[in-house]
Amino acid sequence: MSSYAPPQVPLLTAAGAAPPSRSASAVVANAERGFHVFRIDGYSVTTTLPAGERVTSEPFDVGGRSWLVDCYPNGTDASADSTDCNAIAVYLRLEDTNHDKERVRAQYKFGLLDAAGTAAYELPVETGIFASAGGYGDDSAGGDPGCGYASFITKEDLARRRDILLKEDSLAIRCDVAVAEVVPVSIAPPVQMRDARMGRGRGRVGRWGGRGRGGCGYNNYSGGGCDYESPDEYDGSDDGDRGKRGQQLPPDDREFIRRCLTSQRRKNY
């Protein structure tokens, strides 16, 4: 006995259906770069710290995230004696500034500067995965140590270059950071608030492109954030005759897509 199979309703091609809603959005991936100079005055005093203790820079922003540079004058091994460590350690770390856990892939480079600000000692670019535990407060224990070098420069080498790297007992660490940042963009020029008469179906009036937090595309409902013109109306011209364009018939789907792909792109921050 064969089982009953309900007929397939052709929803995508059903006759008499209302015109389909149409939307478009876009993102742009950029390389965000920056550097931070961390100067430690009285460096010789920090060498009396226990092994595993660090001195930390102020936070700095690159790619929309907050970073920290840690210097361990006597290495990262807290179980060791300070006199047993023969190198200083430096690390780059994500600061825990929000309640969301995050993993970030970034490139970084460390160097030491002379008194003129020139790199007198540096290591090659490295790539690492950085993690933030989420939440606020002291992240000194149990958090992600970041990425860097357990043996950045030996104490012997640093002492030998003291006249260059430790002038007036000051150590200057430069850290370069680069991350990929993906940001939403609009794909139409901004316009004024649409007239209520231009609303479409179920009282949809107001702006195109709103998605609650600034908007970044086209859609068929009102939302707050961006005053972007619908590609149903935008024809690539900026003649300012919005009333005339508002009276034109909407384009077919192929033309709608063409306008989405060729219209002006504007970053949304």
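**Reading one residue, then the pairs**

Author: Helices (H or I, at least four residues) and strands (E, at least two) are DSSP runs, numbered from the N terminus. This is a predicted model, in which local features need pLDDT of at least 70 and side-chain atom pairs count only at pLDDT 80 or more, while totals for chains, interfaces and linings use all residues. Residues are numbered from 1 along each chain as its sequence is written, and side-chain values use heavy atoms, with hydrogens and water left out.

Reader: Does D169 count as buried or exposed?

Author: Buried means under 20% relative accessible area, exposed over 50%, and partly exposed in between (1.4 Å probe, protein chains only). D169 counts as buried because its relative accessibility is 17%.

Reader: With which residues is D169 in contact, leaving aside its neighbours within four places in sequence?

Author: Contact means heavy atoms within 4.5 Å. With those neighbours left aside, D169 touches I40, D41, G42, Y43, S44 and R162.

Reader: What can be said of the whole protein?

Author: The protein has five helices and 12 strands. Of its 269 residues, 38% count as buried. Among contacts with a separation of 6 or more, 67% come from residues 24 or more positions apart. For the surface, accessible areas come from the Shrake-Rupley method with a 1.4 Å probe, and for residues only the protein chains shown count as cover. The total for the protein is about 16200 Å², and 50% of this belongs to carbon and sulfur atoms.

Reader: How do I read an aromatic pair?

Author: Rings of Phe, Tyr and Trp (its six-membered ring) pair if their centres lie within 6.5 Å; planes under 30 degrees apart count as stacked, over 60 as edge-to-face and the rest as tilted. Searching the whole structure gives nine aromatic pairs. One of them is edge-to-face: W67 and F130, at 5.2 Å centre to centre with 90 degrees between the planes. This pair links distant parts of the chain, with W67 in strand 4 (residues 65-72) and F130 in strand 8 (residues 126-132), 63 residues apart. W67 counts as buried because its relative accessibility is 0%, and F130 counts as buried at 0% too.

Reader: What is the geometry of the pair formed by Y149 and F152?

Author: Y149 and F152 are tilted, with 6.1 Å centre to centre and 35 degrees between the planes. Both residues are buried. Ring pairs join Y149 and F152 with W67, Y108, F110, Y121 and F130 in a cluster.

Reader: And salt bridges?

Author: Side chains of opposite charge can pair when their charged atoms come close. A salt bridge is a side-chain nitrogen of Lys or Arg within 4 Å of a carboxyl oxygen of Asp or Glu. The whole structure holds 10 salt bridges. In one of them, E122 and K109 meet at 3.7 Å, N to O. That pair links distant parts of the chain: E122 in strand 7 (residues 119-122) and K109 in strand 6 (residues 102-113), 13 residues apart. E122 is partly exposed at 44% relative accessibility, and K109 is partly exposed at 25%.

Reader: What is the distance between the closest N and O atoms of R161 and D157?

Author: The closest N and O atoms of R161 and D157 are 3.0 Å apart, and the two residues form a salt bridge. R161 is partly exposed, at 29%, whereas D157 is buried, at 11%. Salt bridges also link R54, D70 and R93 in a network.

Reader: Which ring does the charged end of R174 sit over?

Author: A charge sits over a ring if NZ of Lys or CZ of Arg is within 6 Å of the ring centre and within 35 degrees of the ring normal. The charged end of R174 sits over the ring of F35, 3.9 Å from its centre. R174 also forms a salt bridge with D176, the closest N and O atoms being 2.8 Å apart. R174 is partly exposed, with a relative accessible area of 28%.

Reader: Where is E181 placed?

Author: E181 is in strand 10 (residues 170-186). Its relative accessible area is 19%, so E181 is buried.
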